Amino acid sequence: MIAKRNLRDKISPAAVQVATRLVQNGFEAYVVGGAVRDLLLGSIPKDVDITTNATPEQVRSVFGRRQCVVIGRRFKLAQVRMGNETFEVSTFRRKPSHEESKGRDDDDGMMIWNDNEYGTLEDDASRRDFTVNSLYLDVVGKQGVIDMTGGLKDLKAGIVRVIGNPEERFIEDPVRMLRALKLVGLHGFKLHPATEAALKANKAMISMSSPARLYEELLKILFTGRSLAILTAFHKYGFLTYFWPDLEEIWSKQDGVLVRRLLKTRDAEVATGNYSHSRALALATVSLPVALRALRPITEDDEDAILLGDGGAVCLRVVRQFFSSFVLPRLYAIRVKEILLLIPALSSELAPRFYRHREYKYGRLLLQLLVKTLDWDPEIANRLPPPEIASNMKRRRRRKH
Ligand code: ATP
Ligand code: MG
């Protein structure tokens with residue numbers, strides 16, 4: 001599994017260039033976190049994070065204003081553009097003490113080297129969440145992988161182990177529990193016993209995290225290509241009840257079984273790297289079973305009712321409820337509703353009326369996914385023209401009349 005040789009060659013050359021420029025200017029710079037973990041596991045990392053002892057202001061003076069912006073208020077971070085890629089360059093930090101973490105909002109700009117918040121490489125290694133996420137790759141010099149927390153051994157054994165006291169670190173930031181189970185689902189890792197015990201004791205705390213942060217995490221999960229495995233890990237550890245109560249509630253029922261089957265099909269598509277990046281489509285996919293159930297009485301009665309708007313209100317209510325623990329932005333709730341309403345519409349004789357619908361592209365993709373999942377006659381989806389053609393078809397006809 002772990003091939004330590006030639007790791008540097010698998011990192012984006014632009015990332016190596018960023019680290020090299022920092023080192024040439026007298027700083028330390030390493031690739032860190034998920035990128036190193038994924039490389040060691042044999043996959044090509046999608047984004048590469050860099051960490052350095054240069055402060056964000058120093059990073060900016062190395063790369064200049066045109067290539068570098070400093071973002072964040074409490075935790076300043078430099079974003080460096082190199083070619084057409086952008087990298088986050090973080091400064092080594094140490095865990096602020098309780099006293100120091102209070103009142104940090106008052107910081108108004110310049111922070112100096114050796115300020116309370118910044119630290120050494122060792123400090124930085126110990127403030128990260130898990131040993132497998134605390135590996136540093138020296139892509140400029142010859143140090144190879146720097147491992148200060150036993151991450152290499154844990155990675156080889158497939159173990160997620162919190163750095164420091166698991167209970168304290170989960171209470172400090174409950175999203176770390178979610179991140180731990182994500183690694184379980186993504187890579188089939190096991191939780192270290194102390195990490196597992198702390199997670200089981202504190203899992204309810206996840207519901208105290210900000211719904212906005214959980215919403216972002218949910219979206220990231222849906223775009224991993226392993227969403228079913230991750231949500232299954234959440235369910236098995238009793239974590240789903242707190243993270244997404246509405247999914248836990250249906251997990252073993254008919255609707256939940258269909259959600260899981262849809263996710264399996266979606267994961268396979270996402271894993272090809274060529275699937276739609278639409279967030280609205282991702283959210284519509286998971287809520288399709290509950291929406292179809294709610295719409296059934298309406299569609300059975302009268303297919304036209306969908307057009308008349310009766311379905312819209314029902315569907316919107318269902319979508320809002322299903323994602324209520326995340327607080328879905330209004331725009332997305334509406335888009336998801338529209339995509340969902342297209343499913344009965346596009347699978348009926350009324351389909352051509354919807355070819356110029358603004359969500360047609362995604363309604364069609366979702367219907368294709370459903371057809372594949374349920375092994376329906378492929379013709380149901382194949383007869384729908386691709387969006388470019390569908391919109392022209394209608395326009396041409398308009399011109400004639
Ligand atoms: P991926 O990007 O593949 O989802 P990742 O581990 O790189 O996984 P990021 O969110 O990009 O995840 O974070 C980068 C690194 O920052 C992590 O590997 C970890 O070292 C550190 N980190 C992220 N979130 C936390 C956290 N909540 N607590 C402590 N360290 C964290
Ligand atoms: Mg990352």
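Predicted model: local features only at pLDDT ≥ 70, side-chain atom pairs only at ≥ 80, totals over all residues.
**Stop 1: the ligand**

Start by selecting ligand 1 and showing what surrounds it. There are 14 residues around ligand 1, and the ones that come nearest are Arg37, Arg128, Asn133, Asp173 and Arg176.

- Pick Asp173: an N or O atom in its side chain sits 2.8 Å from a nitrogen atom of ligand 1.
- Move to Asn133, where the backbone does the work of the contact: a polar backbone atom is 2.9 Å from a ligand 1 oxygen.
- Then pick Lys46, whose side chain has an N or O atom 3.3 Å from an oxygen atom of ligand 1.

**Stop 2: α8 and α10**

Select residues 175–187 for helix α8 and 211–222 for helix α10. Their axes come within 11 Å and cross at roughly 5°, so α8 is roughly parallel to α10. To see what touches, show Val175, Leu178 and Lys182 on α8, then Arg213, Leu214, Glu217, Lys220 and Ile221 on α10. Colour that set by class and you get four nonpolar residues, four charged ones and no polar ones.

**Stop 3: α1 and α3**

Next, select residues 13–24 for α1 and 56–63 for α3. The axes of these two helices are 10 Å apart, and the packing angle is about 100°. An angle from 65 to 115 degrees counts as roughly perpendicular, and that is therefore how α1 lies relative to α3. On the α1 side of the contact, show Val18, Arg21 and Leu22; facing them from α3 are Val59, Val62 and Phe63. By class, this contact has five nonpolar residues and one charged, with no polar ones.

**Stop 4: α18 and α19**

For the last stop, select residues 330–346 (α18) and 360–374 (α19). How do the axes of α18 and α19 cross? They come within 8 Å and cross at roughly 60°, so the two helices are oblique to each other.

Show the contact residues from both sides. From α18 these are Arg335, Ile339, Leu340, Leu342, Ile343 and Leu346. They meet Tyr360, Tyr362, Gly363, Arg364, Leu366, Leu367 and Leu370 in α19. Sorted by class, the contact of α18 with α19 holds ten nonpolar residues, one polar and two charged.

Key: Residues numbered from 1 in each chain as written. Chains lettered and ligands numbered in written order. Heavy atoms only, no water. Axes fitted to C-alpha atoms, helices over the stretch in contact; angles between N-to-C directions. Helix = DSSP H or I, 4+ residues; strand = E, 2+ residues; numbered from the N terminus. Parallel < 35°, antiparallel > 145°, perpendicular 65-115°, else oblique. Contact = heavy atoms within 4.5 Å. Nonpolar A, V, L, I, M, F, W, Y, C, P; charged D, E, K, R; others polar. Near = heavy atom within 4 Å. Polar contact = N/O pair within 3.5 Å; in protein donor to acceptor, adjacent residues only side chain to side chain.
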